[in-house]
Amino acid sequence: MKDLLATSIKYQQGTLLILDQHQLPHREQWLPCDSADTMIAMIKKLQIRGAPLIGIGASLLLAHLAEQGASAASLRADAERLRAARPTAVNLMICIDRMLATLTEQGPTALSHCAEQLFNEDIALCQRMADLGADLIADGANILTHCNTGSLATAGVGTAIGVIGAVKQQGKALHVWVDETRPLLQGGRLTTWEMDRLGVSHTLICDNMAALLMAQGKVDVILVGADRIAANGDFANKVGTYSLAVIAQYHQVPFYVVAPYTTVDANCPDGSAIPIEQRNPAEVQGVSGSFGKVNWAPDSTPVYNPAFDVTPAKLVSGWILDTGVYRPEQIVAGALTTL
Ligand code: MRU
């Protein structure tokens with residue numbers, strides 16, 4: 001495979017390297033990944049994360065294993081185990097399906113080309129969403145975003161954060177409210193790091209401050225990403241997205257979801273069919289990262305820890321995809337089923 005370089009994943013001289021997002025922002029450590037077991041562990045621990053990027057990471061790993069001489073049977077078995085590493089982000093399944101189809105039709109040697117294509121396609125998809133989305137954002141806008149949807153979550157400039165970066169590139173003034181995103185703090189740890197790198201003016205808030213900001217008229221627009229968009233426009237994204245959408249509708253703040261077509265699951269009729277990942281109770285009982293581990297609740301405290309929630313289409317102002325910006329009436333008319 002050719003050398004490939006993105007913010008948080010790279011393939012260099014035959015080695016696949018992952019920027020360990022669990023340790024960001026305080027420590028930037030690249031870790032080698034040379035087996036399905038390692039990749040699965042990294043995906044589960046969110047060392048590599050974000051719907052598009054886990055699909056790309058799994059594909060690059062399969063291509064790497066094929067180059068090392070893995071048989072078609074063992075590649076198929078690894079692909080199935082990788083597919084199950086996280087259940088909500090459909091990008092992972094879509095990438096694995098494309099790799100498996102290539103394996104069946106052309107054999108293991110064709111996997112490198114397929115993985116490179118997926119990597120390069122993601123860069124192009126991100127750029128298209130960024131350009132389309134930035135045109136919707138007014139000069140001087142206060143944008144609120146949730147979780148991390150940038151170059152750490154994709155091979156390119158990102159989805160919602162890609163739009164933010166393009167707004168800045170267009171020379172418009174902007175300010176971003178960054179939701180910290182409990183329980184794993186993707187906003188507080190990762191989006192802040194990306195805003196710094198992009199030179200975008202931003203302010204970190206706790207998730208429960210968003211309603212107050214909207215009541216005070218300090219939010220003009222909300223941009224979020226998605227892990228799976230159903231055919232009717234309902235979508236799963238990092239837990240806390242749904243409450244933002246409800247609050248936004250009450251305050252009449254436009255609420256956009258930004259995602260590539262690889263996040264659309266046309267076989268999923270509506271949000272109730274999206275599988276939601278349940279995670280370890282320890283993530284809610286405390287917090288861990290490069291700063292160490294703190295537990296504030298008794299170990300025996302019962303916990304509910306869904307990683308994602310589902311926002312109904314009726315709360316969405318527009319879907320910014322690489323293929324265009326879709327309004328609710330287009331989604332109702334079936335736009336997502338004919339992409
Ligand atoms: O659990 P994570 O950090 O992988 O969740 C990520 C998100 O929810 C993102 O919003 C989504 O994957 C889109 S990223 C371009």
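A: R86 and E277 form a salt bridge through their side chains, 2.9 Å from N to O. The term means a side-chain nitrogen of Lys or Arg within 4 Å of a carboxyl oxygen of Asp or Glu. Between domain 1 and domain 2 the count is one salt bridge. Polar contacts across this interface come to 21 residue pairs, both residues at pLDDT 80 or more. A polar contact is a pair of N or O atoms within 3.5 Å; within protein, one must be able to donate a hydrogen and the other to accept it, and residues adjacent in sequence count only if both atoms are side-chain atoms.

The model is predicted: local features need pLDDT of at least 70, side-chain atom pairs count only at pLDDT 80 or more, and totals for chains, interfaces and linings use all residues. Residues are numbered from 1 along each chain as its sequence is written, and side-chain values use heavy atoms, with hydrogens and water left out.

Now the domains themselves. Domain 1 spans 4-124 and domain 2 spans 132-338; such bounds come from an automatic or database domain assignment. Their C-alpha centres are 24 Å apart. On the domain 1 side, 31 residues are in contact with 36 residues of domain 2, where contact means heavy atoms within 4.5 Å.

The size of an interface is often given as the accessible area lost when the parts come together. Here domain 1 and domain 2 bury about 2700 Å² between them, and 53% of that lies on carbon and sulfur atoms. Buried area is the accessible area (1.4 Å probe) that two parts lose on being put together, summed over both. T7, R49 and T88 supply 22% of the area that domain 1 buries against domain 2, more than any other three residues.

Next, the elements and residue classes behind the contacts with domain 2. Across the interface there are 21 residue pairs in polar contact. On the side of domain 1 that touches domain 2, α2 (51-67), α4 (90-106) and α5 (111-134) each supply at least two residues. Helices here are DSSP runs (H or I, at least four residues), numbered from the N terminus. The largest share, five residues, comes from α4. By class, this side of domain 1 has 15 nonpolar, nine polar and seven charged residues. Ala, Val, Leu, Ile, Met, Phe, Trp, Tyr, Cys and Pro count as nonpolar, Asp, Glu, Lys and Arg as charged, and the others, Gly among them, as polar.
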